Amino acid sequence: MCGEAATCSISFEALVQNPLNVFHIEVAIQDVNDNSPAFSKAALDLEINEFTSPGAHFPLEMARDADVGSNSLLTYHLTNNPAFTLAVKETPDGSKQPELVLERALDREKQSSFQLVLVAVDGGDPVRSGTVQVRINVTDANDNVPVFSKIVYAARVRENVPAGSLVLRVRATDADAGSNGRVSYSFGNVPDGIRALFNVDSESGEIRTAGPLDFEERSKYSFGLEARDGGGFTVHCKVEINITDENDNAPEITVLSVSSPVSEDALAGTVVALLKVWDRDSGENGEVSCELSGEAPLSLVSSSGGSYKVVTASALDREQAAEHRVTVVARDRGRPSLSSSTALVLEVSDVNDNAPVFEEAAYSAYVAENNAAGATILRVLARDADAGPNGRVSYWLAGGSAGAADSAAYVSVEARSGALYAQRSFDYEQCREFAVVVRAQDGGEPARSSTATVRVFVLDRNDNAPRVLWPAPEAGERVPGSAPALEPFEVVPRSAESGYLVAKVVAVDEDAGRNAWLSYELVQAAEPALFRVGLHSGEVRTARAVSERDAAKQRLVAVVKDHGQPALSATATLHVVLAESLQEALPELSERAAGAESAAELQFYLGFLVLVDCVELSLFAAFCNPCYVGLFY
């Protein structure tokens, strides 16, 4: 999992929902002794010149153990042989280099080869071991071994360099001549991963890249190289290659949690999302800054371990924005800088924070009288900016000019549509206008409401005919069963000139407006040319001077019309007596009374005679009693 690293751990984030938070956890992985020491070759071949002096040291290949710590500490053992012993040399990096030590002079003619077994044992519990066969061939004299110019070669190379790029060059020299002094280079006991990434030129000692190098996978490589001369002597050196990081990884953003939807009444600072931002690069290339892009009442708060919290920066209002879309942008400090982004959508849930609002604060409706019960008067409309039940509006009557109970007797309102209906037929002459209060209430909890006043104006229809107040209606026009009354009359002197005011027809109309505008017209008269009536005043005047030929008794009929559609009318009958005085008109009226053509005429004459008698008696009493004289003079 961790390769040759001395320490190994796994880091991850733990998300806690209530309360919403994130914790950084790091788990250390401990090594167990599950790998045995291993040699890269099944047999090690050595050629030792027979002239080699006792005490000479011959380095052997070191075994490799994939474990770490004490599990990788190796010790070596060699099978017993009187000609050779094993010595262990500690290298600068602390590893142990096994060396074969010649204990006595060799004689190729007596024994030309030796077969030994090298055992590598690790420090685990229980221990594990590995073996390799050491085959020694005794040759003629090659008395110089190759020598590297350095014990440890170090180099630094950028990651992502092209394959074939030169990393470094090692160099070993051999004082021998010919084939014994010709040196070749090769890898020592190295993992296959090293061979996949690097190549070594056997003749020049150049080490070049063979595959892609990735700092994020491994930042340092350490391996051994072997130099061998033509006589079979070998020597080893160590190569350390450090990989330099490049900004080749953009930051990564992980959304750990999103609390959506969030209530619009959430307090400022409420956590709505948790993010994890990290960059695989190192140094400045791995230092990341994070920000929010977009217009939204949200802000980003940094937490530990590359975690961020998205919190509300101010109050939310669903009626202004039902959702907020922001982009989280993470940018490193490399050159050039790399960035990445992810979209974050936050829905806002509704609370009942808006009351219904009528389109108009006050409504006016106009209804013609005599309407049908149940007729639609008008429709009110209130809108609620909230959503769902919080924005569902119902309508009620909340009162009026005569109180809620009386308002219900005039109109009703449909709860869902807001339509107002007449509960009865209206009469303009009884009620010309009234007001009701309509309440609009939403379905929230608690509910919110508002009111609007509806003023209903009853429009007049021409449903009333003019009513004549003077002169009083004739007997035939009286209410049946009522007592007979004296017919009115007017006395006009025969000396009256044109324009003489005879009487004034007085009439009223209970309607209003044009329906109550009255006009007068003379429709019947014994002498049509003698009288005229004012079109709008109702004044009856003489149209010419009265002559002696005109009959003493005149009957005039006037029509009073309104201006409604259709027009309605009434008639007024006026009796006129042409005489200079009542005494002058008495004989004519007495003769006419006997021959009255109708009961109406007879009643007129009788009434006139009674009036004359009353006047005469009054005058006589005045002359007899001085107390009454002042009443007439």
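## Basis of the values

In this predicted model, local features need pLDDT of at least 70 and side-chain atom pairs count only at pLDDT 80 or more, whereas totals for chains, interfaces and linings use all residues. Residues are numbered from 1 along each chain as its sequence is written, and side-chain values use heavy atoms, with hydrogens and water left out.

## Overall make-up

The protein has four helices and 44 strands. These are DSSP runs numbered from the N terminus, with helices being H or I of at least four residues and strands being E of at least two. Of the 633 residues, 39% are buried; buried means under 20% relative accessible area, exposed means over 50%, and partly exposed lies in between (1.4 Å probe, protein chains only).

The accessible surface is about 33,400 Å², and carbon and sulfur atoms hold 51% of that area. Areas come from the Shrake-Rupley method with a 1.4 Å probe, and for residues only the protein chains shown count as cover. Among contacts (heavy atoms within 4.5 Å) with a separation of 6 or more, 65% are between residues 24 or more positions apart.

## Pairing around strand 25

Strand 25 (residues 323–332) runs antiparallel to strand 22 (residues 288–293), with six bridges joining them. Two strands count as paired if DSSP finds at least two bridges between them. In this pairing, Cys290 is opposite Ala330 of strand 25.

Strand 25 also pairs with strand 26 (residues 339–349), again in the antiparallel sense, over nine bridges. Here Thr327 faces Ala343 of strand 26.

## Salt bridges

The model contains 15 salt bridges, each defined as a side-chain nitrogen of Lys or Arg within 4 Å of a carboxyl oxygen of Asp or Glu. In one of them, Glu206 meets Arg169 at an N to O distance of 2.3 Å. Because Glu206 lies in strand 16 (residues 206–209) and Arg169 in strand 12 (residues 166–169), the pair ties together parts that are 37 residues apart in sequence. Glu206 is buried, at 15% relative accessibility. A network of salt bridges links Arg169, Glu206 and Arg208.

Asp350 and Arg318 form another salt bridge, with 3.0 Å between the closest N and O atoms. This pair links distant parts of the chain, 32 residues apart: Asp350 is in the loop between strand 26 and strand 27 (357–358), and Arg318 is in the loop between strand 24 (307–312) and strand 25. Both Asp350 and Arg318 are buried. A further salt bridge joins Arg325 and Glu323 (2.9 Å, N to O); Arg325 is exposed at 56% relative accessibility, while Glu323 is partly exposed at 34%.

## Surroundings of Ser450

Ser450 belongs to strand 35 (residues 449–459) and is buried, with 18% relative accessibility. A polar atom of the Ser450 side chain lies 2.5 Å from the backbone oxygen of Pro356. Beyond neighbours within four places in sequence, Ser450 is in contact with Pro356, Val357, Phe358, Val438, Arg439 and Ala440.

## A nonpolar surface patch

Ile10, Phe12, Val27 and Ile29 make a nonpolar surface patch of about 290 Å². Patches are made of residues with over 30% relative accessible area and no salt bridge; like charges are joined within 9 Å, and nonpolar side chains (Val, Leu, Ile, Met, Phe, Trp, Tyr) within 5 Å. Ile10 lies in strand 1 (residues 9–16) and is partly exposed, at 35% relative accessible area.

How values were computed
A polar contact is a pair of N or O atoms within 3.5 Å; within protein, one must be able to donate a hydrogen and the other to accept it, and residues adjacent in sequence count only if both atoms are side-chain atoms.
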